[in-house]
Structure formats: structure tokens, C-alpha cells
Amino acid sequence: MSNAGPESGSVSESLGRQATQSLETSASIDSSRTFPLLQNHEQADLLPQDAQNRPQGVSREGTEDDHSVAEPFVRTSSPSSAHRLPSMGGEPTVEDDGVPDRLVYKMHKFSLYETVSRYYVVGVDVSEKRYRILKIDRTTEGAELNMTDDKIVYSLKEMNQLLDTIDDGNRGTGGIRLRCTTWGILGFIKFTGPYYMLLITKKSTVAMVGGHYIYQIEGTELIPLTPGRARSDSKNTEEQRFLGILNNLDLTRSFYYSYSYGVTRTLQHNINRERTAIAKGILSPADEDLNPMFIWNNYLLQPAAKALPDAYDWCRPIIHGYIDQAALSIYGRTAHITVIARRSRYFAGARFLKRGANDLGYVANDVETEQIVAESLTTSFHAPGPRLYGSPQYTSYVQHRGSIPLYWTQDSTGVTPKPPIELNLVDPFYGAAALHFDNLFERYGAPIYVINLIKAKERQPRESKLLAEYTHAINYLNQFLPHDKKILHTAWDMSRASKMRGGDVIGNLELIAESVVKATGFFQNGDGHTSPLTAQNGIARTNCIDCLDRTNAAQFVIGKRALGHQLHALGILEDTAVEYDTDAVNLFTHMWHDHGDTIAVQYGGSQLVNTMETYRKINQWTSHSRDMIESFKRYYNNSFLDSQRQEAYNLFLGNYIFAQGQPMLWDLATDYYLHHVDPRDWFAAKRSHYINWFTPRNLEPRKIPPSAPLRGPMLSLPIEFFDDYWLEYYRPATLSSFPKLFAYRMNSTIKYIPLKSTQDGRYDLSPFRVRTDGDLETEKRKGRREPVRPSPSNSPRLPGGDDDAASTASGQTVAKGIGLHRWLQPAHDKGAGPTPGIQEISADDGLSHNPKSTSLEKSKEAQWTFTKAVHDSLNPTVKEQEANDYERYIRHPQNLPLVVSSDTPLNVGFSEYQDYVNGSWQSGKLEVTDDEEEVDVYGQLLKVGENPLTVTEEDGPKKRYKAYQKWLRGKSFFKQQPLD
């Protein structure tokens, strides 16, 4: 067999020939050599060095292959790609083993193997029974990417044989070795040299929607596609600088993906797509309905899309934003709240470097936020019947935020934290705003409810200039829209209202939120017959100057109002309002604070400066100090770090592509032309109509088709043919534990409930019960003792009576707010007189009658505490109950039967016990056999002086006498430093 054999020819023919050759030479192949298990945990680490240096294959415990049967494996046929391609538009087909053909290609885990000239990516599905292989050439020397996918599905045994054959064919050049395990390919990128492959090496689960998991990227690795023995060119400083810029973009923060759920689309769009396809009797191509606006690795996926017919079988599109999920427990019923924020990759960048809109109508800080509220009666999107994608337990509401769609900028080259706002271009026809709103109509329908929160009055006009221009733009565009489709505009100076005394910010936002939800509606899934089916038409577009602090507070109030409507639609709430300071709203507030912090860090460089606590005017001291710190962090990042982040965005998103003869990325004075149309192309481009600026079909109302019954050959197909959520969510063949399950670790309102208060039924478990400070104080007071006035003849101390007896009888505990000095005072029996020799303090000098003690009273209390502690230590006493307990303790062994036996215990064995029993000490005498120094020390210990209480000069260096000398000088025992 030639060394180049496995590397030449088409992959389909090569792999089939290799499998046959491996069977013919099975006697010479070590059958005990197996490849490592493709790990079933969420962290994929590199293989140890000793494991990398030996050839390996794939193995999995519990396989159905019977290795005890000595029969050679014979592959009857190698199906071609035409026979194994999924049927998207025609009649659906099922494989011989009952698995839908389109689900065969959904791979969840991958292993990267390498030879000197090739990379082999081995993928396996969620059941770990079907394997595929992708061959990547690493000798292209910077030319076009060369990859081959033969679409052949292998079993575990076949894949082991294939990897063994590849290893034998490359034995002369080091064979094949496992480079790493991965969870997917993010794409390929090149700068001045070779291509680089970006892999997901670590992930974590953040949400589950309809039985489909959504993951956050926790680790990535960039692998160069260079020959195995080639070394990196360290002299190529330009290549190294490009790599350094790319590394400034942290892909482990707020990047998400899913194997089976369309995270780039809203729930309403996904359900609508699937229902429409089923009504037509076809299968929905989920990977062909991606929204390119939110695919942040779109540029990296282009080389794979050109080289492979089905790139999404191996590569995963990712979104950038925020995803969180929490559980709402209502007397045994559980509703899940999922918040998904998707950031647009168009006109993306840092705060002061990306403002307003570009020539194509895309705005800065464009974020779509969706909240999904679903009751967990069933896991999937389907209803019994089966009514596919007809479960009435799913609702969603979508909001939008984005910069003001005008041509405006802020010069951040100075040191001022608030640079002046400049309107760079005054367009009388507002072309950028027209393109932007037409895009919103296309994505969400009508009406568009604009909530403008920028300042209206300023001493030095800044934001107010944009308010006037933005109002003119909306008035101009509304001239040509139908009456019932006009843009609804609400302008309100939220900053001024929050600073005014008595200004009700939350109350005004609540009124706006109610009108917004009524105007747009929300999506509720159902079959349209037994359960209602509604669609969201329109969108709430919220903005302030940065679309961060004020915008997040307003969006939270709108989301809170929509949450009440969603819970009411699910039959959980009788009313549509959810009150503040309830467990449900506290949980929702926590999610939206994290959402706002994440969006703020991505765009502004720091977390929210003004939170909901600021606008609700609660915890003003702590929130004010936090706001000042975040303001400084935002100023620092905007002044010194934003340019580096902007370069990383431009490189990763493909806004800048290296070309010979063009300036380098770091040499550009501005990136304006990377995000705007070249002015020389303005006349060649098709101009938009000044009057008919919108697309009429985008104004048509969104309608969800009713749940249609299956017809024809689709009627006999199982549910997993259309939506294979069972294996992904339940994983029946996987051994796990509760701490590893996402549903067990999910945040929930149950964690807000104090368990001690629920034991006697005094705590209302409803997450919609308002929790006020008065309720908490009442709960605390119920657990406290009733205060007892101390006897005037005694010093201030705790209520009398025996400690143990009092605790057992009352079942109450001491108040948490008790002072340290009072806690130090030991309890005494009721009616006990003053102890002789102790300084007495009258009740008038104690803490009981004067809540604010003077310095003299505090000094007397401290002196009494120390004196009493010394007296009790020198005159120990035993209480009657303590004496009884001790008597029971010493009499307890006397009541046990005494068993004497000469037999050696069975559990002793050869231990130190036998050595001790049979030792030489029985015949000998107890003598001291240690060195003389220890004998002298022991002798001094036994020696008693003539006057043992007299301190001599020789005792001065000893530690206990040093401490005694300090105490005589007025130093407290409790405040002394350690002695040498």
C-alpha cells in the first residue's frame, strides 16, 4: 500500500477503497487499538501528549457491534451522495433504520485528526451512532480552500476501520493523530498568509426552547491550515499583527449558537415557517432560512459555503448579544422566561465610533430583544393529535433598540466625556431613515411605535438638536403611509423627569408600555380552533442617545407589561398586570439588568450607569456610587480602548479584507468607507423613491397559518422526522446527574423563598405576592424573643433563666440585632443577687432604658464584661442541669452489659493493635529511652519551687509573663498583638 494512497483521488472512492483494504488486511491491524471516546461533556480539552503521539481510532462503550463473533465485516455498498442527500422540496424519505434522512446530517460533536498534509474532521450525531468525515487540505499555500465532504454515513466500526487505514497509509510521515475535540466549526479566515480554521472547544448551556438547547461559546481555538512540519513565520509582522487584532475580540463573551433551533429568527418566524412548509407537504430547510443580519461569523462561513455544498452540516452560525432563561414557579406550575437579544452585525462598533445610520439604513447598536414565556406542560412545540407546532403553551414578544437613524457623529478625540453632537449631512428626504423604517416593516410589520427618550431642553443644545431633526424625519415619512400604518412617535424627556422632585418615571413608562403592547400585540401559538392563535404585528422601537441606560429601563417596563399579558394568555394570571416587588418581577428585573449590562459592555465598554433602582429611586446611596464607577469605566474605555475593539470588529466581520496594494487596517485614518457606500458610486446606485419609500407588501398584517393535519405519506411518519427534540433534550443513553442538568441549575423564583418561613405556613408562596420591607420586618419580629426588662439590682444581661431550658421551652432564638457586649454577658437565674466581688451597675446605667448609650456607660459595660469574665474563670460553678447531664453521662456505661473475651477481633488483622498486645512492654519496665534533653525538660516540669507563685527575673522572657506585663500597663487581653 502506498503512503499517498489514502490522500489521493475523490474522497468517496478513496474511503470505500480504504475500508475494503482494511478488511483484507484485518489480520495485520491491531484490533485492540481504539480511538478515544468522543467526549459527552461540554468541555472539549486537548488530548494529553502521550495520547497524541500514538495512532488511535474511535470507540464507544455500549455499541451494538458484537466483537465476539469472528466474522469479517463486509460493506455491501457505498451509497453515493445522490442517494443520501436530504429531500427538502420533494417527498420525504426515511432511512432503512427508521431515521429521517435529513436528521442523519445533524452532527453535534466533532473530532479533529491530522496528518502531515490533511485535516480530518469526524462528526457524530446526538445518538453517537452515525459518523461522517470531512477532509481538509492543509497544503494549499494560501490559495483557495480545498475541502471534501462525501456525504457517506458510517457506523462506529466502519469509522474505526477507516481511521486505521488512513493511519497505515501515513505511517511513513508520522501517521494520524487526534489534534482536539470540538463542538463545531465557526469558519475560516485568512490575512496575508494561509487560512485559519476557528473551532469551538468549550460550551455551556444557557437556554432550552422547545426541547432544543442553546449554547454559549466558552472556548475557541484558531488552527492554521499549514503543513504539519511547517513552522509559523514569525518574521511576517503583518500576519502577527492581524492575529493580535483578531484576538482582541473575545469570542467567549456573549456569543451563542444552537444545533437545531434557529436562534437568528424569532419564535413567531420559526413557527410560521414550519407550519407553512407542513401545509405544503414539504420539509422546511432550517439552515436555509437564516437571518444574515445576526450571523456574526457570516464572513468566516463564506469560504466553507464555496467549498462545500452543505456547509452548515459542519459549521455553526453564531449570534452576538445576550441569552438567559429562568423558571417561574406558581404552586406547582412552572413557566419558563427566556430573554434572547440579537445584535446586528451591520454598522456594528463601539459607542462614539458608530453613531446614527449609514447609507444603507442600518443603525448603530441595533439590537432585537425577544422574551419567550412558555408553560412547561410539554417540552416540544407540538400539541397532542398530533398537531405539529401547535402547542398553545408558547408566547413571545419582540422589541427593538437602535441609534437615531440620521447622519450624526460625535468626535471622541478630545478628553470631554460628552463630545458635541454634529449633524454631518442634512437630507431633506431622509433617505437613511426611510431605508431603516422600511427594513423594520419588512422584519416586524406595522405599526412601528417609536419611543424617543432623548433630552428636550438643554442649556447647550446637544441631544435636543437630534430631537427636532428626528421629529421632522418621522413627520415627513408619515405623509406617504396609509392612515392605519403610520409611525407612532412618542417623545419624552426621561432624564429630566427622573431628576425632578416628585417625577414619576415608572408611572409614565407604564402608561406608554400599555399603549405599546395594545398596538403591537404579542405572539401566542395554538391550533386556531381549540386554542387562540395571535401574531405580533409591529414593533416598539426605543432609543435614547446611546440606547443603553434609559432605553433598557423603558424596554424593561414594556417587557414587564408584555409579561403580564403573556401570563394571562397562558391562564396563569387572572389579570394582565404584574406588580413590582414580587418574586416574579424581581426575577424578571434581574434578567433585564444582566441583559442591559451585557448590551452596554458590548457597545459602551461598561455596564449600565443608571439602573432600574436609579429610576425607581430605591437604594439611592448604593446605586449612586455604583453609577459613578460605571461612568468612569465607560469614559476610560471610550477614550482608550474603543479603537482596538473597532479594529477587531472590522476584521472579524469582514468589513476590512486584506488586499495587495491597499492600506493596512491600522493605517486607516477612519473606517468610514468600510461601513458606507463609496461616494463615487452614489450616481450609479439606484435611488430610492422619495414618496413611495416603503414596500407595500411589508405593511400587510402577519398571519400564522392554522395547524394543518398531516396528509399523504407524511401521515405515517413519526414526530422525530419533523422535529427531533427527544434525543437532544432527554439523552436516554447518557449517564448524568442532577447538578449537571440545566433544568436543575436554572435560576428560579423558588430561590427567593426563605425556607424557614415556609415551615409553619406563614409565607405566601405565590410569586405574584408583593414583598415589602414591612412584611420582612414582620417575619423577623415573629422569630424574636419578647424583650425582658432586667432586674434593677443586676447588671445588664440577657433575660434570666437557664439557657438550654429556655431555648427548649420557647423554641425561639435571640434577636439578631443584639449587641456584642450583651451577647458576651452570661445568663443568670431569675432572682439571683449580685455576685460578691463584682462591681455593680444599676439598671439606670444599662442599655435597657437608654437606647443611645453614652461613652461612660459603654466604658462601664466593657469593664463589667471583662471583670465578670475573670471572676467566672477563677470561680467556676456548675449548674444543676449541667450536673445532671454529667451524671447521666458517667452512668451510661454502667448500664451496658460488660463483655469480656480473649478472642482477637475479626476486623483487627495485622495491625498496630496486635503489635501492642504482643509487645515487649509486658516483660520489661517502663523506662525513658529518649535523649538527655527531653529528660531534662521533663525533670524541670516535675520540679516545684519553694515559692511557686513568685515571679523571678528568669521568668521575664517567657511569653505568658510578657502578656501579663502588658496587661498591667493597661493593654487589653483582647487587643494585644501576637508576641514573639
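**Notebook: surface patches and ring pairs**

I began with Glu-932 and noted that, at 66% relative accessibility, this residue counts as exposed, because the cut-off for exposed is over 50%. The model I am reading is a predicted one, and I keep that in mind for each entry below.

Next I looked up where Glu-932 sits, and found that the residue lies in helix α27, which covers residues 932-942.

I turned to a nonpolar patch on the surface, formed by Phe-429, Tyr-690 and Ile-691, whose accessible area together is about 270 Å².

For the rings, I searched the whole structure and noted 31 aromatic pairs. One of them is Phe-191 with Phe-242, a stacked pair with 5.4 Å centre to centre and 10° between the planes. I checked where the two partners sit: Phe-191 is in the loop between β6 (184-190) and β7 (195-209), whereas Phe-242 is in helix α5 (residues 237-247), so that the pair links distant parts of the chain, 51 residues apart.

Last, I wrote down a cluster in which ring pairs link Tyr-213, Tyr-215, Tyr-257, Tyr-259, Trp-726, Tyr-729 and Tyr-730.

Methods: Residues are numbered from 1 along each chain as its sequence is written. This is a predicted model: local features need pLDDT of at least 70, side-chain atom pairs count only at pLDDT 80 or more; totals for chains, interfaces and linings use all residues. Side-chain values use heavy atoms; hydrogens and water are left out. Helices (H or I, at least four residues) and strands (E, at least two) are DSSP runs, numbered from the N terminus. Buried means under 20% relative accessible area, exposed over 50%, partly exposed in between (1.4 Å probe, protein chains only). Rings of Phe, Tyr and Trp (its six-membered ring) pair if their centres lie within 6.5 Å; planes under 30 degrees apart count as stacked, over 60 as edge-to-face and the rest as tilted. Patches are made of residues with over 30% relative accessible area and no salt bridge: like charges are joined within 9 Å, nonpolar side chains (Val, Leu, Ile, Met, Phe, Trp, Tyr) within 5 Å. Accessible areas come from the Shrake-Rupley method with a 1.4 Å probe; for residues, only the protein chains shown count as cover. A salt bridge is a side-chain nitrogen of Lys or Arg within 4 Å of a carboxyl oxygen of Asp or Glu.
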